[in-house]
Amino acid sequence: MTASKSSTSQRKPVRPWAAWPNWINIALGLYLALSPLWIVIDRQSWFTILGVLIILAGLWGVRTGSSALSQWAQIVLGILTFVSPWMVFLPPWVPETASTPVTNWTLWIIGVLVFVVAIIGMTRGRAPTRV
């Protein structure tokens, strides 16, 4: 009599330091953190803070082999980056000079990319389920 396989298929666990979605988000965070060097921004610290937080979440994911919690942190940071032009740069009490189309588009594009890459990283580490 042979032993039957478990109903859940076994996948190789993601090795720490080999999870490419986290490395992409680290690169996106680095771009965002350094972007005040080539983009004229009124509130440079916001870009730097978001970029560093994305880098830290990516390093956390790399170190833990893409843990679900690190991926959720990256998803939340992607959403926060995407909505930040409306929270930080576009409210009525902020002077008009604080926001430019370049700053808004930078935050929107980086936010969407961080979000999508984190979703890919989250689904990549999951074993397929049978229905």
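**View 1. Surroundings of Ile-54 in the predicted model.** In this predicted model, Ile-54 touches Asn-25, Gly-29, Leu-32, Leu-77, Thr-81 and Val-114, where residues up to four places away in sequence are not counted.

**View 2. The largest nonpolar core, to which Ile-54 belongs.** Twelve residues make up this core, namely Leu-28, Leu-32, Ile-39, Ile-41, Phe-47, Leu-50, Ile-54, Ala-57, Leu-77, Leu-107, Ile-110 and Val-114. At least two residues of the core are supplied by each of the helices α1 (20–34), α2 (44–63) and α4 (101–124), and the largest share, four residues, comes from α2.

**View 3. Packing of α2 with α4.** The two helices α2 and α4 pack at an angle of about 10°, and their axes lie 12 Å apart. Because angles under 35 degrees count as roughly parallel, α2 is described as roughly parallel to α4. On the α2 side, Phe-47, Leu-50 and Ile-54 meet Thr-103, Thr-106, Leu-107 and Val-114 of α4. The residues of this contact between α2 and α4 divide into five nonpolar and two polar, with no charged residue.

**View 4. Leu-30 in helix α1.** Leu-30 has its place in helix α1 and, because its relative accessibility is 44%, counts as partly exposed, a class that lies between buried, under 20%, and exposed, over 50%. The C-alpha atom of Leu-30 is separated by 9.8 Å from that of Leu-53, a residue 23 residues apart from Leu-30 along the chain.

Conventions:
Residues are numbered from 1 along each chain as its sequence is written. This is a predicted model: local features need pLDDT of at least 70, side-chain atom pairs count only at pLDDT 80 or more; totals for chains, interfaces and linings use all residues. Side-chain values use heavy atoms; hydrogens and water are left out. A nonpolar core is a set of buried Ala, Val, Leu, Ile, Met, Phe, Trp, Tyr and Cys residues joined through side-chain atoms within 4.5 Å. Buried means under 20% relative accessible area, exposed over 50%, partly exposed in between (1.4 Å probe, protein chains only). Contact means heavy atoms within 4.5 Å. Axes are lines fitted to C-alpha atoms, for helices over the stretch in contact, and angles run from 0 to 180 degrees between N-to-C directions. Angles under 35 degrees count as roughly parallel, over 145 as roughly antiparallel, 65 to 115 as roughly perpendicular and the rest as oblique. Ala, Val, Leu, Ile, Met, Phe, Trp, Tyr, Cys and Pro count as nonpolar, Asp, Glu, Lys and Arg as charged, and the others, Gly among them, as polar.
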